[in-house]
Number of protein chains: 4
Amino acid sequence: MSTPTTAARPLVDGGVVPPLCTPLTPDRELDVESLERLVAHLLAAGVRGLFVGGSTGETAYLTDELRRRALDVVVGTTAGQVPVLAGIVDMSTPRVVDHARSAAARGADGLVATVPFYSPTHPVEIRRHFRAIRTAVDLPLIGYDIPSAVHTKLDAATVGELAGEGVLDGLKDSSGDLDGLRAVLDLVADVPGFRVFSGSETVADLGLRCGAAGLVPGLGNVDPDGYVRLHRAAAEGDWDAALREQQRLRALFGLIGVAPADRMGRYSSAIGAFKAALVLRGVIRHGTTSLPMVPLDAAEIAAVGDHLSRAGLSLAEG
Amino acid sequence: MSTPTTAARPLVDGGVVPPLCTPLTPDRELDVESLERLVAHLLAAGVRGLFVGGSTGETAYLTDELRRRALDVVVGTTAGQVPVLAGIVDMSTPRVVDHARSAAARGADGLVATVPFYSPTHPVEIRRHFRAIRTAVDLPLIGYDIPSAVHTKLDAATVGELAGEGVLDGLKDSSGDLDGLRAVLDLVADVPGFRVFSGSETVADLGLRCGAAGLVPGLGNVDPDGYVRLHRAAAEGDWDAALREQQRLRALFGLIGVAPADRMGRYSSAIGAFKAALVLRGVIRHGTTSLPMVPLDAAEIAAVGDHLSRAGLSLAEG
Amino acid sequence: MSTPTTAARPLVDGGVVPPLCTPLTPDRELDVESLERLVAHLLAAGVRGLFVGGSTGETAYLTDELRRRALDVVVGTTAGQVPVLAGIVDMSTPRVVDHARSAAARGADGLVATVPFYSPTHPVEIRRHFRAIRTAVDLPLIGYDIPSAVHTKLDAATVGELAGEGVLDGLKDSSGDLDGLRAVLDLVADVPGFRVFSGSETVADLGLRCGAAGLVPGLGNVDPDGYVRLHRAAAEGDWDAALREQQRLRALFGLIGVAPADRMGRYSSAIGAFKAALVLRGVIRHGTTSLPMVPLDAAEIAAVGDHLSRAGLSLAEG
Amino acid sequence: MSTPTTAARPLVDGGVVPPLCTPLTPDRELDVESLERLVAHLLAAGVRGLFVGGSTGETAYLTDELRRRALDVVVGTTAGQVPVLAGIVDMSTPRVVDHARSAAARGADGLVATVPFYSPTHPVEIRRHFRAIRTAVDLPLIGYDIPSAVHTKLDAATVGELAGEGVLDGLKDSSGDLDGLRAVLDLVADVPGFRVFSGSETVADLGLRCGAAGLVPGLGNVDPDGYVRLHRAAAEGDWDAALREQQRLRALFGLIGVAPADRMGRYSSAIGAFKAALVLRGVIRHGTTSLPMVPLDAAEIAAVGDHLSRAGLSLAEG
């Protein structure tokens with residue numbers, strides 16, 4: 001069907017590839033300096049790649065202009081130290097291809113795409129979708145399985161088939177379905193260079209235990225060192241150390257629940273908490289989130305600080 | 001919160017406002033001539049408005065450039081004969097506002113927006129979303145309730161509240177939930193100028209019976225005369241005539257199922273069938289649909305023709 | 001497959017067939033006297049049948065012993081004045097057949113069964129289920145479509161096929177899906193004696209407008225006269241009178257929401273409100289509901305009374 | 001609220017507790033001899049308890065009489081060698097309590113109950129449900145989290161609260177949600193004697209890795225030795241051996257998919273395959289399943305045999 005052009009050597013062999021938050025100014029413009037500092041913060045922790053334009057990065061909330069500027073800043077700041085993956089999240093093939101071309105022109109090293117959403121889709125159409133993206137833009141392509149957002153599972157059989165064709169070079173699994181993760185890993189075992197990444201904050205160790213190569217945790221913005229340690233312990237076969245690190249990170253992840261369910265949605269609460277934590281840690285300047293998300297209030301921000309302290313993370317002086 | 005600027009006089013008082021198909025050339029560019037003919041075909045039938053950028057119009061599949069060009073053609077061709085409503089379907093407030101500004105600049109008379117999707121949303125955020133759109137662009141704003149696409153119900157309480165504030169001027173109900181439709185109609189009974197439109201092809205008569213002012217049926221592309229007759233009969237209180245017309249149109253609507261479920265999704269089949277019918281009726285030139293939809297094959301197109309014949313619709317000579 | 005033994009003459013030709021509440025004593029035994037009075041209350045209103053063992057009757061909450069005793073009381077009290085239908089709700093064919101035999105032995109005139117639930121089911125298995133019930137017990141069998149409870153739609157194609165075979169003699173549609181109701185009505189148009197009943201309180205008029213023969217509204221316990229008037233108006237073609245009655249009943253149905261969502265589930269609230277209304281109207285003695293439902297408090301019961309007053313229903317002196 | 005009567009010493013400390021299949025004769029009576037042989041087969045493998053009346057045991061399909069007889073046989077055959085847990089699966093508290101009393105009278109050592117189903121439920125009602133069961137019958141009570149069947153998650157907060165009260169003594173987690181499993185394990189860490197069991201065939205090793213004490217795998221009927229080895233390896237900290245055993249068992253579990261999706265539901269296929277495997281292994285006599293399940297055909301049974309052979313399991317001579 002398509003000609004695999006990516007070699008057996010994967011773009012990112014494994015490790016931690018955090019999905020970057022997108023720092024905003026109080027009037028919701030890109031906060032360039034904060035984004036540069038976030039990149040530096042992550043690189044200093046030893047991450048192996050950066051993922052711009054994921055759900056954690058409010059990609060669904062960013063105008064095309066903001067998406068482009070954020071990618072420009074990350075590509076520029078990273079300067080080739082690690083690969084930069086660009087999320088090209090949109091409803092359908094033509095719109096996704098537009099994002100893909102834009103990201104390629106801006107220097108992205110790889111692309112991350114979901115199945116189509118909004119209009120109901122179908123397994124045949126999902127295959128056509130990824131094939132058309134891969135044909136349109138010659139960059140490594142990662143499938144993004146996030147049924148909580150797109151309401152369709154990117155199933156193992158589809159991933160296996162597209163991996164075998166050279167259409168997909170990897171998978172970011174944000175489904176939380178470890179049985180499905182194992183099914184994918186079985187099917188791609190013989191596909192050279194294919195890499196599976198777990199997008200889960202709280203069962204990351206289990207994903208690695210199953211054979212995932214790397215991690216794409218939103219919480220990795222807040223505590224990249226923790227996930228790098230977790231990954232390293234797993235890579236060295238020290239599963240007990242990995243488990244201890246995971247337990248600490250699971251507790252820290254409780255910060256996403258600081259806002260009550262009658263005040264805002266869980267996504268507002270989670271993104272707000274990640275950004276509040278980055279402010280408290282001195283990495284970014286503002287906790288501002290996109291519209292229509294609801295901002296955290298002072299008590300909720302204080303509760304985020306408590307989570308950081310309990311996890312042993314230092315706060316910026318202020 | 002916001003200042004209602006729309007007067008008690010609604011943009012479209014009622015009647016049929018079809019959600020236009022978007023004719024494409026075989027290489028998936030906009031087929032301008034076909035779109036002009038489609039507009040003429042609909043205006044000739046007595047529609048009371050045109051809705052560009054709905055689900056039927058493949059809005060989820062169109063690049064921004066294609067969306068803009070389609071709106072330009074419809075505004076230009078319509079030339080003020082009836083109002084043109086523009087769908088501004090996207091995942092979040094900032095992206096929707098971008099579409100709203102573009103549509104306003106192109107001469108749309110009103111806007112149609114869904115609740116946020118992709119990231120999980122929340123009632124408070126839905127209110128913030130519509131208020132921000134209404135504040136950003138001073139055009140009549142219609143809420144678009146389509147839970148099959150966005151996976152969140154735009155509930156009656158929210159519609160009632162936003163109607164009372166002057167944020168929403170109407171509702172396009174594509175939920176199929178007639179109990180919910182009644183709940184909305186109760187809540188907006190005292191809001192001058194608020195109009196409810198049913199987006200259902202097969203229970204349109206029931207929506208009118210409940211008090212909806214108008215219809216936005218995708219099948220109205222294929223048989224606008226039928227829906228205009230149905231609406232007129234209802235307006236005149238001739239419910240038996242409305243029912244007979246509805247029964248004929250329900251049978252015709254069976255054309256959306258011409259393709260088997262293992263070949264393509266139901267959306268591919270429906271949009272493909274609408275376009276095939278428009279080709280067979282001599283209105284547009286090509287049945288091409290957007291990627292990644294699967295095209296109908298010859299047998300399926302023939303089956304569409306059979307549906308048209310059984311419904312008493314004339315086919316183009318050829 | 002099976003031999004239709006029911007003649008073309010339906011068990012219940014149409015009209016109102018309320019799903020009886022099951023009055024309980026404060027210690028949750030059957031309140032026989034109250035049940036007898038409820039039957040009398042309904043018969044006096046002109047109902048055309050009685051349905052024992054529906055969702056409104058707390059059938060999911062009644063032990064087999066309580067189910068049997070309730071049916072005995074209703075059959076005895078009704079004494080052949082109208083047919084008595086028995087719900088035989090359970091998870092699978094063998095369990096449903098047990099209930100069917102018991103109901104037949106107690107004098108039920110017809111049976112009402114859902115699709116299998118708990119274990120995931122399948123269209124082929126649904127057909128086998130109804131055929132086996134019909135073979136085991138020679139009574140008219142009504143399919144009960146209640147996807148909110150069983151999480152599987154009893155789809156039109158299945159109903160049509162089983163109607164044609166003489167397995168199903170009718171349908172109780174509690175899905176709220178009027179498009180689906182129309183699909184069923186199309187398919188059974190040529191099946192003599194097959195009758196469709198709408199289980200919806202708030203779109204009952206629309207169901208009749210589509211061709212349903214009768215109504216099975218839970219709220220019919222509280223205001224049977226209202227539903228009998230609604231049905232009669234529809235039967236006489238006076239759709240405006242039917243609509244007015246429906247509007248009054250829709251408002252009354254608001255009583256199911258008297259309890260807040262953080263205190264109890266909506267089913268507790270609805271059944272509690274029906275029973276409270278029957279107490280306030282002097283029909284039954286106690287508002288007790290089954291475990292683990294939460295009882296209404298005094299303020300909630302008072303709110304039920306307000307709903308009754310606004311609907312013009314007289315309360316018992318007390 | 002309730003007085004914990006169960007001591008800190010758990011009924012089953014851990015290990016494998018298979019949910020027994022229920023062997024039937026060709027006319028769907030209990031096949032007593034086969035059930036006795038199944039018990040012996042499992043005890044010989046070193047299981048630490050037996051669970052009668054789970055989903056694997058077709059509990060949703062068994063009449064009360066059949067449930068009782070199956071429990072009698074298992075209690076009698078086991079003769080106290082290991083504890084016998086009885087599933088008391090039904091829709092509501094009164095019905096579940098009836099089953100609980102029957103099981104206690106028959107000698108069950110513990111009870112396993114789901115949240116209420118059929119009628120929509122609520123967190124407050126779920127708490128009332130388990131408390132009422134525990135009060136009615138003084139036996140250890142295990143919560144059964146199986147959202148695929150009951151369509152409501154038994155969430156961690158509820159389990160934690162009920163564990164703290166002494167109402168629940170354990171959890172059987174058949175949700176596949178390992179993040180949720182971790183949340184439960186955190187909350188019950190200080191509750192003496194509380195034990196968590198994973199009901200998953202394919203991520204059993206991960207459940208143990210998270211801290212689950214034991215396993216309740218349906219596939220454990222077919223290959224109890226495999227799960228006993230898996231559990232032992234995990235208990236000894238030999239996670240690589242556990243993983244290898246899990247990989248073999250995951251492949252074997254593929255036998256549940258021998259029947260195509262257009263022939264029967266996945267539950268028919270799974271239960272049919274387990275029973276066919278037990279016949280092929282010489283443990284039970286008939287592969288008969290309950291109505292309305294569809295029987296496997298010869299080719300499908302042969303495919304089950306292939307799965308057994310590939311997994312290294314010996315077949316009975318025949």
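In the predicted model, 4 salt bridges are found by the rule across the interface of chain A and chain B. One salt bridge joins the side chains of Arg95(A) and Asp64(B), with an N to O distance of 2.8 Å. Polar contacts across the interface of chain A and chain B amount to 22 residue pairs, with both residues at pLDDT 80 or more. On the side of chain A that touches chain B, at least two residues each come from α2 (64–78), α3 (93–105), α4 (123–136), α5 (147–150) and α11 (266–280) of chain A. That side of chain A comprises 24 nonpolar, 13 polar and 11 charged residues.

The size of an interface is often expressed as the accessible area lost when the parts come together. For chain A and chain B, the buried area is about 3800 Å², of which 58% lies on carbon and sulfur atoms. Within chain A, the most area is lost to chain B by Arg95(A), Tyr118(A) and Pro292(A), which together account for 21% of what that side buries. The contact involves 48 residues from chain A and 48 residues from chain B.

The largest nonpolar core contains 446 residues. Among its members, Phe130(A), Phe130(B), Phe130(C) and Phe130(D) touch the most other members. For Phe130(C), with neighbours within four places in sequence left aside, the residues in contact are Ala113(C), Thr114(C), Val115(C), Leu141(C), Gly143(C), Leu154(C), Leu162(C), Val167(C) and Leu168(C).

How values were computed. Residues are numbered from 1 along each chain as its sequence is written. Chains are lettered from A and ligands numbered from 1 in the order in which they are written. This is a predicted model: local features need pLDDT of at least 70, side-chain atom pairs count only at pLDDT 80 or more; totals for chains, interfaces and linings use all residues. Side-chain values use heavy atoms; hydrogens and water are left out. Contact means heavy atoms within 4.5 Å. Buried area is the accessible area (1.4 Å probe) that two parts lose on being put together, summed over both. A polar contact is a pair of N or O atoms within 3.5 Å; within protein, one must be able to donate a hydrogen and the other to accept it, and residues adjacent in sequence count only if both atoms are side-chain atoms. Helices (H or I, at least four residues) and strands (E, at least two) are DSSP runs, numbered from the N terminus. Ala, Val, Leu, Ile, Met, Phe, Trp, Tyr, Cys and Pro count as nonpolar, Asp, Glu, Lys and Arg as charged, and the others, Gly among them, as polar. A nonpolar core is a set of buried Ala, Val, Leu, Ile, Met, Phe, Trp, Tyr and Cys residues joined through side-chain atoms within 4.5 Å. Buried means under 20% relative accessible area, exposed over 50%, partly exposed in between (1.4 Å probe, protein chains only).
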